[in-house]
Amino acid sequence: MVVLRLYISGNAPNSVRAIANLEAICQEHLKDGYKLEIVDVFEQPVRALADGVLVRPSLAKVSPAPVANVVGNLSNKSNVLLALGIKGNVR
Amino acid sequence: MNPHLRAPKQHSSGMHATRGFEELIRRLVKGASELQAIESGQVDAIIDPATGKAILLPEAQEALREDQARDRSLVRLSSDWQWEKDKHHRFVSCEGPTIGSSGFEDKTIIGKRLWDLPFDNMSKVDWRAHRSELARRAAYRDLELRSRDDAGGVRYFSVSGEPIFDRQGQFKGYRGTARDISNLMQAGSVSQGETGIARAALDALSAQICVLDSSGSIILANRAWRAFGATKGCIGIGVPEGANYLTLCDNAGEGERVNGIAIATGIRQLIAGEREIFRYEYRCNSPIGRCWSTLTVTRSPGNSPVRMVISHETTTRRKRMEQLTGLDHRDANRAPPANRVLAAMPREEYQRLLSGLEPISLAFGDVLYEPGDSIRYVYFPSDCLISLLTQVEDHMALEVGLVGSEGMVGIPLALGISTSSVRALVQGTGTAMRMEAGRFQLEFKQSPSLQRELYRYTHLLMAQFTQTAACNRFHVVEARLARWLLMTCDRVRSDQFHLTHEFLADMLGVQRVGVTNAASALRRRKLIDYSRGNITILDRKGLNAASCGCYRIVKNLFDGAQR
């Protein structure tokens with residue numbers, strides 16, 4: 001099970017794009033084998049500092065180790081797959 | 001709170017990617033990949049670790065500004081006023097049109113709380129309920145308020161609000177909208193179009209009926225309700241349109257307090273959607289004496305606008321009847337019926353019949369039908385006794401049949417005849433269940449069980465008729481009197497009953513002196529005793545021996561049929 005956390009800022013355009021991009025990637029490569037938490041800076045302002053993630057949107061792979069981060073709207077699919085550790089599946 | 005509406009304002013200085021702004025970004029963001037993402041326009045915001053606030057990049061700011069504008073315009077389209085209140089529930093802003101001193105005028109509302117405004121449809125209890133909602137920081141929807149504008153016109157408002165919290169989760173106040181729903185309410189309350197028809201229909205009903213809005217105000221009352229005002233006995237019934245029924249119940253007088261509280265509680269549960277129907281039966285004092293009332297309150301389906309329909313009926317007569325007969329409808333559903341025809345019905349059919357049956361108390365001397373009368377009701381005696389009498393010109397009446405709990409009065413109806421050929425006279429005071437003739441014919445038609453029981457009973461009644469005819473012709477008065485006393489005893493299920501000699505003479509078709517002689521003879525043989533019309537059977541066996549064989553013949557027939 002891959003645990004992911006996506007940090008976004010409300011309905012801002014890159015945040016919306018990031019959600020759509022990530023969901024497409026997960027559907028294709030992880031099927032049901034992932035858990036995604038979306039953290040909105042506007043809904044959980046304190047959480048932003050606690051997690052130390054300053055740039056929105058950004059994706060964090062929480063587990064399994066190693067922990068990895070991708071910054072931006074996740075339109076670069078290979079970067080995302082690399083961070084998720086499923087690079088081998090790229091066709 | 002919805003912080004993204006605020007975000008651009010807080011950082012409006014960074015709207016343009018000025019040099020200072022770029023420097024700030026570079027100071028906060030160190031990583032190459034982050035910088036690259038920012039430069040390629042893939043980032044919306046950066047958190048300033050010093051303040052914890054989000055710094056929005058220009059494109060995101062613009063998008064959120066559009067979002068905000070869209071939200072505002074939608075809110076404006078769906079409401080007349082948009083307001084905010086501080087943590088003490090005082091209005092700090094209210095945007096929208098101003099209409100006289102109606103309650104949502106910007107100039108007067110600021111600094112006031114909702115319950116300081118001149119709304120007249122909320123009782124103390126209602127405001128307490130609303131304030132406890134606020135104390136729980138609950139969002140509220142469509143709170144209906146009523147006030148009068150400068151011109152004296154009634155205006156209705158629907159107010160909704162939700163709590164606001166700051167970033168640390170501290171309660172800041174409420175934000176919400178208000179709508180002027182006067183037109184909607186008036187369309188729902190005054191006689192226009194369909195409402196006019198509804199009002200006419202309600203006016204035609206004999207029960208007192210009114211319609212309440214969600215605050216408990218009476219927005220419509222039928223004619224019977226308005227006319228009821230004169231008697232002023234039953235909590236709030238008859239108060240005019242516009243009055244608040246719940247307030248009346250809350251403030252019911254000393255003797256009515258418990259009923260008032262119970263009714264108000266029931267109606268509030270309906271308003272809150274916790275129940276669909278509320279029924280309450282209570283006793284109250286009216287100028288015409290103690291009376292019973294039954295209140296039925298139902299809720300209009302759906303949520304907007306919530307309407308309660310109250311129907312009030314005086315049930316004193318029914319209640320007295322129940323008390324008189326010791327027969328409660330609820331118990332009647334469970335207890336087996338005393339009448340044997342009804343008792344022989346399958347349970348399901350009896351349950352159906354029951355809805356058409358009403359208990360009635362019959363007193364000695366009551367006449368149910370005269371010969372030639374059309375039969376309006378059939379009677380199933382429970383513990384009363386009814387004589388069927390025939391009259392020949394000027395001669396005295398002669399009893400041809402006796403009906404008790406084993407049968408039914410009104411047999412011609414079962415045979416398709418709607419008039420009675422005999423006089424049906426109540427001999428023994430007691431109770432019976434009666435059914436209206438039309439309903440009976442319908443039930444009889446569709447119930448094979450009822451047909452079977454009544455045909456069987458008709459056969460027994462005919463046997464009784466023929467035996468009585470023969471008996472009256474051939475047997476002596478003493479034997480006939482003994483038979484008659486035994487038959488009465490069987491039917492009232494008691495060894496004691498009240499009958500005068502005069503009455504007995506009528507029954508047996510003889511002179512009064514004949515009855516007196518026969519009764520004296522039976523008393524001498526210590527079979528019976530009597531005093532002032534109270535007859536006691538002392539020796540049933542002996543009386544049986546003294547009676548003619550007709551009693552045993554008919555009794556055996558009946559007993560055989562019952563088995």
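Visitor: In what order do the strands of the open sheet in chain B lie?

Guide: In this predicted model, the open sheet has four strands in the order 14-18-16-17 (chain B), and their pairing is antiparallel. Strand 14 and strand 17 (398–403) of chain B are at the edges; each has a single partner strand, so one side of each lacks a neighbour in the sheet. On average, neighbouring strands of this sheet are turned by 35° against each other, direction ignored.

Visitor: How many bridges join strand 14 of chain B to strand 18 of chain B?

Guide: Two bridges join strand 14 (residues 367–369) of chain B to strand 18 of chain B, and the two run antiparallel. Here Tyr369(B) has Ala424(B) of strand 18 as its bridge partner.

Visitor: How is strand 16 of chain B paired with strand 18 of chain B, and with strand 17 of chain B?

Guide: Strand 16 (residues 385–390) of chain B pairs with strand 18 of chain B over five bridges, in the antiparallel sense. With strand 17 of chain B, strand 16 also forms five bridges, again antiparallel. Leu388(B) illustrates both pairings: its bridge partner in strand 18 of chain B is Ala424(B), and in strand 17 of chain B it is Gly401(B).

Visitor: Where do side chains point along a strand?

Guide: In a regular strand, side chains alternate between the two faces of the sheet.

Visitor: Is strand 18 of chain B mostly covered or uncovered?

Guide: Strand 18 (residues 423–428) of chain B is mostly covered, with six of its six residues buried.

Conventions: Residues are numbered from 1 along each chain as its sequence is written. Chains are lettered from A and ligands numbered from 1 in the order in which they are written. This is a predicted model: local features need pLDDT of at least 70, side-chain atom pairs count only at pLDDT 80 or more; totals for chains, interfaces and linings use all residues. A residue is buried if 20 or more other C-beta atoms lie within 10 Å of its own, exposed if 12 or fewer, and partly exposed in between; C-beta atoms are placed from the backbone. Two strands pair if DSSP finds at least two bridges between them. Axes are lines fitted to C-alpha atoms, for helices over the stretch in contact, and angles run from 0 to 180 degrees between N-to-C directions.
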